[in-house]
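Please look at the sequence and the structure shown below, and keep both at hand while reading the report that follows.

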Amino acid sequence: MNRTLVPFAVLALVLAGCTPQAPTAAPEAAIPAPAAPAAPANAPVEAVQRTAEFPQLQVATVDGKTYDLASHRGKWVVVNFWATWCAPCLQEMPELSALHAMRSNVEVVGLAYEDIELDEMQGFLKARPVAYPIAILDVYDPPKDFATPRGLPMTYLIAPDGKVAKQFVGPVNAQEIEQAISAAGGKVA
């Protein structure tokens with residue numbers, strides 16, 4: 001339940017107890033109180049899927065290799081969900097590529113979240129090369145340990161111990177990633 005709705009639900013229950021009740025014919029006819037308060041009819045529905053605290057990820061990359069997140073422990077890993085049709089995604093690619101190439105303790109992996117054929121992606125990457133590995137995700141079967149992206153780009157910063165340190169919704173740049181690393185107690189080398 002949304003935390004901002006909890007005080008309103010409690011207030012509604014308290015006020016409901018304060019309103020006058022119609023008399024009942026006999027005590028046996030009284031309606032028992034519900035066991036738990038119901039959410040208001042207009043309450044937003046929250047997504048139940050969440051990213052694992054220590055996500056696992058094994059994907060085939062477009063260059064025919066396998067990317068295993070666990071084998072990159074000891075480094076900061078930037079997991080970037082993106083698509084070829086996403087303008088903000090394309091704008092952040094050169095900076096993520098430079099970050100991957102220039103920092104010895106930071107790596108990037110791009111997860112293309114779109115329905116695209118391998119040869120199309122390879123052609124796209126010839127025109128827009130990056131220094132980091134790219135994998136094409138099945139949009140109907142995304143990685144189980146990551147929440148389905150609410151929008152693109154969506155980026156996760158994974159700490160050297162494998163724990164999610166920060167999530168970014170929308171475009172991100174190298175400075176924001178470096179600041180998140182510093183805020184989490186890490187150093188950018």
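## A histidine in a helix

H100 has its place in helix α2, where helices (H or I, at least four residues) and strands (E, at least two) are DSSP runs numbered from the N terminus. With a relative accessible area of 19%, H100 is buried; buried means under 20% relative accessible area, exposed over 50% and partly exposed in between, with a 1.4 Å probe and protein chains only. A polar atom of the H100 side chain lies 2.9 Å from the backbone nitrogen of V108. Leaving aside residues up to four places away in sequence, H100 touches V106, E107, V108, A131, Y132 and P133, contact being heavy atoms within 4.5 Å.

This is a predicted model, in which local features need pLDDT of at least 70 and side-chain atom pairs count only at pLDDT 80 or more, while totals for chains, interfaces and linings use all residues. Residues are numbered from 1 along each chain as its sequence is written, and side-chain values use heavy atoms, with hydrogens and water left out.

## The sheet

Five strands form an open sheet in the order β5-β4-β3-β6-β7, with mixed pairing; two strands pair if DSSP finds at least two bridges between them. The edge strands, each pairing on one side only, are β5 and β7 (164-169). From one strand to the next the twist averages 20°, the angles running from 0 to 180 degrees between N-to-C directions of axes, which are lines fitted to C-alpha atoms, for helices over the stretch in contact.

β3 and β4 pair in the parallel sense over seven bridges, and V78 stands opposite V108 in β4. β3 and β6, by contrast, pair in the antiparallel sense over five bridges, with V77 opposite I158 in β6. The pairing of β6 and β7 is also antiparallel, over five bridges, and these two strands form a hairpin with five residues between them, where G162 in the turn has a positive phi of about 95°.

## An enclosed strand

Five of the five residues of β6 are buried, so β6 is largely enclosed by the rest of the structure. In a regular strand the side chains alternate between the two faces of the sheet. In β6, M154, Y156 and I158 point one way and T155 and L157 the other way, and all are buried.

## Helices against the sheet

α2 lies across β3, β4 and β6 and runs at about 160° to β3. α3 packs on the sheet, touching β3, β4 and β5, and its direction makes about 150° with that of β5.

In α4 the buried residues are A174, I177, A180 and I181. They lie on the same side of α4 because they cover an arc of only 125° around the axis, the arc being that of the directions from the helix axis to the C-beta atoms. The elements that cover these buried residues include β3, α2, β4, β6 and β7.

## The nonpolar core

Of the 46 residues in the largest nonpolar core, V79, F81, W82, L111, M121 and I177 touch the most other members; such a core is a set of buried Ala, Val, Leu, Ile, Met, Phe, Trp, Tyr and Cys residues joined through side-chain atoms within 4.5 Å. The largest share of this core, six residues, comes from β3.

Conventions:
Polar contact = N/O pair within 3.5 Å; in protein donor to acceptor, adjacent residues only side chain to side chain.
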